[in-house]
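Please report on how this protein chain is packed.

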Amino acid sequence: SFENIRIFRQHFEQGSSLLRSVLREDQHQTMMVAMFEGTEKLLNMNISEFAVLEYLEGLKLAAKEFSLKGLSGEKFKNSLIEHSDSSVRDLVSSS
């Protein structure tokens, strides 16, 4: 539901503040955009709360991994958005 997604988004924003020490500001913003776009696609879908939480945690891990690998700029953005899109597609197809 929209209310659940709103709560997940708030928790994601709060929890992702710890990643600011690893991610640059532009990378952190890209992660936030990917999260909002991904959760927008999950609205009105019959996806379990656990699956949504798993998607969000996976997004944070991917952002951290891409940053530690040295990806930046467009390469970071494109990789993270593709990861998010792929994860959302997997969630929707498996539900």
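On helix α1, the face turned away from the buried side carries the exposed residues His 11 and Gln 14. Exposed here means over 50% relative accessible area, buried means under 20%, and partly exposed is in between, computed with a 1.4 Å probe on protein chains only. Helices (H or I, at least four residues) and strands (E, at least two) are DSSP runs, numbered from the N terminus.

This is a predicted model, in which local features need pLDDT of at least 70 and side-chain atom pairs count only at pLDDT 80 or more, while totals for chains, interfaces and linings use all residues. Residues are numbered from 1 along each chain as its sequence is written, and side-chain values use heavy atoms, with hydrogens and water left out.

**Helix α1 and Arg 9**

The buried residues of α1 are Ile 5, Phe 8, Arg 9, Phe 12 and Ser 16. They lie on the same side of α1, because they cover an arc of only 105° around the axis; the arc is that of the directions from the helix axis to the C-beta atoms. The cover over the buried residues of α1 includes α2 and α3. With 15 residues, α1 reaches 21 Å from its first C-alpha to its last, close to the 21 Å expected at 1.5 Å a residue. That expected span is 1.5 Å times one less than the number of residues in the helix.

Arg 9, found in helix α1, is buried, with a relative accessible area of 10%. Apart from neighbours within four places in sequence, Arg 9 is in contact (heavy atoms within 4.5 Å) with Met 35, Phe 36, Thr 39 and Glu 40. The side chain of Arg 9 makes a polar contact of 2.7 Å with the side chain of Thr 39. A polar atom of the Arg 9 side chain also lies 3.3 Å from the backbone oxygen of Phe 36. A polar contact is a pair of N or O atoms within 3.5 Å; within protein, one must be able to donate a hydrogen and the other to accept it, and residues adjacent in sequence count only if both atoms are side-chain atoms.

**The nonpolar core**

The largest nonpolar core has 26 residues, and those with the most contacts inside it are Met 31, Leu 42, Leu 59 and Leu 80. Two or more residues each come from α1 (2-16), α2 (25-42), α3 (49-68) and α4 (73-94). Helix α3 gives the largest share of this core, 8 residues. Such a core is a set of buried Ala, Val, Leu, Ile, Met, Phe, Trp, Tyr and Cys residues joined through side-chain atoms within 4.5 Å. In soluble globular proteins, nonpolar side chains tend to be buried together.

Leu 80 touches Thr 30, Met 31, Leu 59, Ala 62, Ala 63 and Phe 66, not counting residues up to four places away in sequence. Leu 80 is also one of the buried residues of α4, which are Phe 76, Ser 79, Leu 80, Ile 81, Ser 84, Asp 85, Ser 87, Val 88 and Leu 91. The cover over these α4 residues includes α2 and α3. Helix α4 has 22 residues and reaches 32 Å from its first C-alpha to its last, close to the 32 Å expected at 1.5 Å a residue.

**Leu 23 in the loop**

Leu 23 sits in the loop between α1 and α2 and is buried, at 4% relative accessibility. Neighbours within four places in sequence aside, Leu 23 is in contact with His 28, Met 31, Ala 63, Lys 64, Ser 67 and Phe 76. The C-alpha atoms of Leu 23 and Glu 37, 14 residues apart along the chain, are separated by 19 Å.

**Salt bridges**

A salt bridge is a side-chain nitrogen of Lys or Arg within 4 Å of a carboxyl oxygen of Asp or Glu. By this rule the count comes to 8 salt bridges. The table lists some of them.

| Salt bridge | N to O distance |
|---|---|
| Asp 26 and Arg 24 | 3.2 Å |
| Glu 57 and Lys 60 | 3.0 Å |
| Lys 69 and Glu 65 | 3.1 Å |

Asp 26 is partly exposed at 39% relative accessibility, and Arg 24 is partly exposed at 42%. Glu 57 and Lys 60 both lie in helix α3, 3 residues apart, about one turn of the helix. An α-helix has 3.6 residues a turn, so residues three or four places apart point the same way. Glu 57 counts as partly exposed at 43%, whereas Lys 60 is buried, with a relative accessible area of 13%. Lys 69 is exposed at 60% relative accessibility, and Glu 65 is partly exposed at 40%.
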